[in-house]
Amino acid sequence: MRKLLLICIPIFLINSSCRKLVQDEFVDFDNKISINSILIQDEYAQLHISLTDELNASELLNISDAGIELYNQDSVLISFNYAENGIYVSNYIVKENDRFKLKVTTDNDLITAECSIPEKPEILSFFVNENGWVDNEGILQPKANFTIPNNNSKELYFEAYILIYDETADNVIEEYPILYFDNAGMNVDEISKSVKIQHHSYSYPPQKHQYQLIIKSVDMNYYNYVKSLADYNLSRYPDFSNSSMVPSNLFTNIENGYGIFCGYSRTFSDIIEAIY
């Protein structure tokens with residue numbers, strides 16, 4: 001009985017000391033402007049403008065009457081027309097080496113942002129070794145290899161992904177993002193990468209594929225956003241190995257608001273057969 005008392009009393013004290021009154025009143029949510037636009041070389045400029053809202057909101061609060069001023073490097077004012085669901089479209093086709101300054105006004109708020117469209121990248125070489133590596137189940141998987149030029153005088157940022165076609169190249173089976181990278185610390189004239197690809201379906205005999213490489217030359221805002229998005233999603237839904245991760249915010253370059261204003265140019269390789 002003495003041992004039982006020695007154990008129960010501390011437990012009772014611990015439980016009673018943890019009780020605390022929790023207030024259920026929260027500060028009213030302050031809606032902020034959110035602007036999202038990824039400007040793509042050879043496509044019309046578009047913007048999406050909305051208001052942030054509480055987590056329990058069922059749909060976005062789209063803005064249909066915003067004042068938009070978008071200027072390029074030649075101080076040309078690009079006009080926009082409202083389409084639907086917070087989307088504004090222009091008749092301006094984005095070009096490589098464009099530089100943009102954006103001003104959006106709504107009620108008494110002024111929101112600004114800047115972005116640029118990098119020079120279109122060049123693909124010097126690209127090939128795929130269909131039997132480039134072995135996965136954990138002992139199945140041979142392909143490996144993509146490519147080379148692009150480097151410019152040591154500039155900070156360059158890239159995204160690479162692969163389109164996987166069927167044997168006749170009539171249908172895209174999968175769009176496979178493979179790599180985000182930059183040229184930081186690379187004192188070389190060319191950048192070469194070798195990246196593992198893993199097919200998500202198996203057949204016997206193995207199905208033959210064809211491949212196409214797409215290289216995006218992205219601005220720093222795009223690069224920072226996609227890098228932060230990976231950390232953001234991981235902190236929202238951590239697995240057991242990352243259970244100690246702290247919440248992470250998404251990168252934004254919108255002054256006095258939220259969202260992302262960025263752009264890229266891109267180059268497509270030829271559709272090629274793999275090397276066996």
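**Charged pairs, cores and strands**

Guide: E43 is partly exposed, at a relative accessible area of 32%, where buried means under 20% relative accessible area, exposed over 50% and partly exposed in between (1.4 Å probe, protein chains only). This is a predicted model, in which local features need pLDDT of at least 70 and side-chain atom pairs count only at pLDDT 80 or more, while totals for chains, interfaces and linings use all residues. Residues are numbered from 1 along each chain as its sequence is written, and side-chain values use heavy atoms, with hydrogens and water left out.

Visitor: With which residue does E43 form a salt bridge?
Guide: Side chains of opposite charge can pair when their charged atoms come close. The term salt bridge here requires a side-chain nitrogen of Lys or Arg within 4 Å of a carboxyl oxygen of Asp or Glu. The partner of E43 is R266, with the closest N and O atoms 2.9 Å apart. Because R266 belongs to strand β16 (residues 258–268) and E43 to the loop between β1 and β2, the pair ties together parts that are 223 residues apart in sequence. Strands are DSSP runs (E, at least two residues), numbered from the N terminus.

Visitor: How many salt bridges are there by this rule?
Guide: The count comes to three. One of them links E159 and K216 at 3.5 Å, N to O, and it ties together parts that are 57 residues apart in sequence, since E159 lies in strand β12 (residues 157–165) and K216 in strand β15 (residues 210–218). Both E159 and K216 are buried.

Visitor: Which residues touch the most other members of the largest nonpolar core?
Guide: In soluble globular proteins, nonpolar side chains tend to be buried together. A nonpolar core is a set of buried Ala, Val, Leu, Ile, Met, Phe, Trp, Tyr and Cys residues joined through side-chain atoms within 4.5 Å. The largest has 24 residues, and I35, I49, F100 and F261 touch the most other members. Strands supplying at least two residues each include β1 (33–40), β2 (44–51) and β8 (99–106). Another core, of 22 residues, lies apart from it, with I123 and F158 among its members.

Visitor: In which sense do β10 and β11 pair?
Guide: Two strands pair if DSSP finds at least two bridges between them. Strand β10 (residues 125–134) and β11 are antiparallel, over seven bridges, and V134 stands opposite L140 in β11. Strand β11 (residues 140–149) is mostly covered, with seven of its 10 residues buried.

Technical notes
Helices (H or I, at least four residues) and strands (E, at least two) are DSSP runs, numbered from the N terminus.
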